[in-house]
Amino acid sequence: MEIEITRPDDMHLHLRDGAALEAVVGFTARQFGRAVIMPNLKPPVVNTEDAESYYQRIMNAIPEGHSFEPLMTLYLRDNTTPDEIQRAADSGIVKACKLYPLGATTNSDLGVSNINAIDDVLASMAACGLPLLLHGEVTSSEVDIFHREAVFVQTVLPQLLYRHPFLKIVLEHISTKAAADFVRSAPSNVAATITAHHLLDNRNALFKGGIRPHYYCLPILKTERDRLSLIEAATSGNPKFFLGTDSAPHSVGAKQSACGCAGAFTAYDAIGLYAQVFDEAGQIERLNDFASRFGAEFYELPQNEDRIRIVKSPHTVPECFPYEDTKIVPYRAGEEVLWRFVESQYTV
Ligand code: NCD
Ligand code: ZN
């Protein structure tokens with residue numbers, strides 16, 4: 001079986017920098033027309049100048065023959081100013097700002113310490129129409145890691161919406177039924193991205209036969225009930241839910257370590273992974289809107305003009321890909337997956 005969809009957009013992607021960027025960007029540029037590029041570099045992308053130079057480095061790293069467009073984001077800090085937001089909006093290349101609660105995830109040690117203390121910046125974003133991308137987890141040590149998102153949704157998010165009713169908000173990489181239910185019942189300026197790995201796996205994957213660092217990501221995988229709720233949201237045809245892979249590459253050594261990094265590398269064939277989910281749910285005809293339409297509409301961008309093909313063709317995911325001066329282990333390495341992007345960069 002083969003399907004054709006409008007070329008999709010990845011509304012949440014980590015591309016890293018330098019040799020890592022060169023190793024991974026081709027995978028995404030082959031499949032996707034655009035991607036929202038996360039700013040959590042070291043040091044992070046905090047102003048328009050940083051975003052412009054990172055944009056150029058990405059463009060220079062794209063293999064020839066692809067018309068891929070990076071949609072840049074700024075990393076909000078306690079000292080970000082409303083003027084900086086205005087400059088970013090005027091630049092035309094910055095499409096959103098990302099809020100990492102301090103300490104929530106990889107490279108979030110310069111994140112925002114108190115979300116209630118940046119009201120002037122959020123007001124400026126609402127005025128410019130720049131969406132706020134939220135890593136929606138509370139980070140206090142007394143909150144269980146599996147409850148961090150639900151507690152954020154129940155405590156922080158309602159206040160934020162109350163204080164900034166016109167701010168466009170994307171709750172990123174949702175992982176719980178609580179988040180899906182909240183977004184569904186929120187006003188139309190609130191949306192969510194959903195990753196392929198949160199649709200394909202529950203938290204048992206972390207411990208199947210032993211501890212499995214390549215399934216460790218943040219937000220951490222949740223229960224089967226949560227996963228089924230995410231599948232329902234993604235395949236429901238509701239425009240509030242759209243594709244964002246959160247493909248987050250880390251070298252094999254950084255993952256397979258006594259203190260391994262969070263992140264799953266799905267970009268190698270993200271659209272194939274999503275096609276498997278939609279097919280298994282009996283909703284393959286809804287993949288086009290989830291992957292190629294709803295995200296563009298939320299960001300007020302035209303849909304991509306060309307189309308891509310995805311084919312049902314069971315195969316084994318490679319054990320690794322080259323990465324920097326070492327290698328990267330992809331999500332589901334060595335396991336069978338059912339669909340693939342027709343022009344995959346890797347041979348199967
Ligand atoms: C991301 C990364 O490695 O940059 N990791 C992850 O597990 N998703 C950061 C993030 O999006 O939380
Ligand atoms: Zn991410």
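User: Which residue lies over the face of F146?
Analyst: That's R203, at 4.7 Å from the ring centre. Keep in mind that we're looking at a predicted model here.

User: Okay. And what sits over the ring of F298?
Analyst: The charged end of K168, 4.8 Å from the centre of that ring.

User: Let's go to the metal. Which residues are the protein donors of the zinc ion (ligand 2)?
Analyst: H12 and H14, each through NE2, plus D246 through OD. They lie 2.0 to 2.1 Å from the zinc ion.

User: How are those donor residues spaced in sequence?
Analyst: The pattern reads H-x1-H-x231-D.

User: Why is the arrangement around the zinc ion irregular?
Analyst: Because the angles subtended by the four donor atoms run from 91 to 143°, and a tetrahedral call needs all of them between 85 and 135 degrees.

User: Are the two histidines, H12 and H14, buried or exposed?
Analyst: H12 is buried at 1% relative accessibility, and H14 is buried too, at 8%.

User: I see V36 around there. What is V36 in contact with, leaving aside its neighbours within four places in sequence?
Analyst: The list is D10, M11, H12, L13, L71, T73, L133 and Y299. V36 itself lies in strand β3 (residues 34-37) and is buried, with 1% relative accessibility.

User: How far apart are V36 and D10?
Analyst: In space, 6.4 Å from C-alpha to C-alpha; in sequence, 26 residues.

User: Switching to salt bridges. How many are there?
Analyst: The count comes to 16. One of them joins E2 and R309, with the closest N and O atoms 2.9 Å apart. That pair links distant parts of the chain, 307 residues apart: E2 is in strand β1 (residues 2-6) and R309 in strand β10 (residues 307-316).

User: Is E2 buried or partly exposed? And R309?
Analyst: E2 is partly exposed at 43%, and R309 is partly exposed at 36%.

User: What about salt bridges inside a helix, say E84 and R87 in α3?
Analyst: Their side chains meet at 2.8 Å, N to O. The two are three residues apart in helix α3 (residues 82-91), so about one helical turn separates them. E84 is buried at 10% relative accessibility, whereas R87 is partly exposed at 42%.

User: And E224 with R227?
Analyst: Also a salt bridge, at 2.9 Å from N to O. These two sit three residues apart in helix α8 (residues 224-234), about one helical turn.

User: Which residues are linked in a network of salt bridges?
Analyst: K177, D181, R184 and E232.

User: Last topic, aromatics. How many aromatic pairs turn up?
Analyst: The whole structure has 11. Among them is F27 with F321, an edge-to-face pair with centres 5.1 Å apart and 65° between the planes. F27 is in helix α1 (residues 18-31) and F321 in strand β11 (residues 321-323), so the pair ties together parts 294 residues apart in sequence. F27 is buried at 7%, and F321 at 8%.

User: How are F242 and F298 arranged?
Analyst: Their centres are 5.8 Å apart with the planes at 40°, so that pair counts as tilted. It ties strand β9 (residues 241-243), where F242 lies, to helix α11 (residues 287-298), which holds F298. Both residues are buried.

User: Which residues form an aromatic cluster with F27?
Analyst: F265, Y268 and F321.

Notes: Residues are numbered from 1 along each chain as its sequence is written. Chains are lettered from A and ligands numbered from 1 in the order in which they are written. This is a predicted model: local features need pLDDT of at least 70, side-chain atom pairs count only at pLDDT 80 or more; totals for chains, interfaces and linings use all residues. Side-chain values use heavy atoms; hydrogens and water are left out. Donors are N, O and S atoms within 2.8 Å of the metal (3.2 Å for Na, K and Ca); water is not among the atoms, so sites may look incomplete. Four donors count as tetrahedral if all angles lie between 85 and 135 degrees; four count as square planar and six as octahedral if opposite donors are over 155 degrees apart and all others between 65 and 115; anything else is irregular. Buried means under 20% relative accessible area, exposed over 50%, partly exposed in between (1.4 Å probe, protein chains only). A salt bridge is a side-chain nitrogen of Lys or Arg within 4 Å of a carboxyl oxygen of Asp or Glu. Helices (H or I, at least four residues) and strands (E, at least two) are DSSP runs, numbered from the N terminus. Contact means heavy atoms within 4.5 Å. Rings of Phe, Tyr and Trp (its six-membered ring) pair if their centres lie within 6.5 Å; planes under 30 degrees apart count as stacked, over 60 as edge-to-face and the rest as tilted. A charge sits over a ring if NZ of Lys or CZ of Arg is within 6 Å of the ring centre and within 35 degrees of the ring normal.
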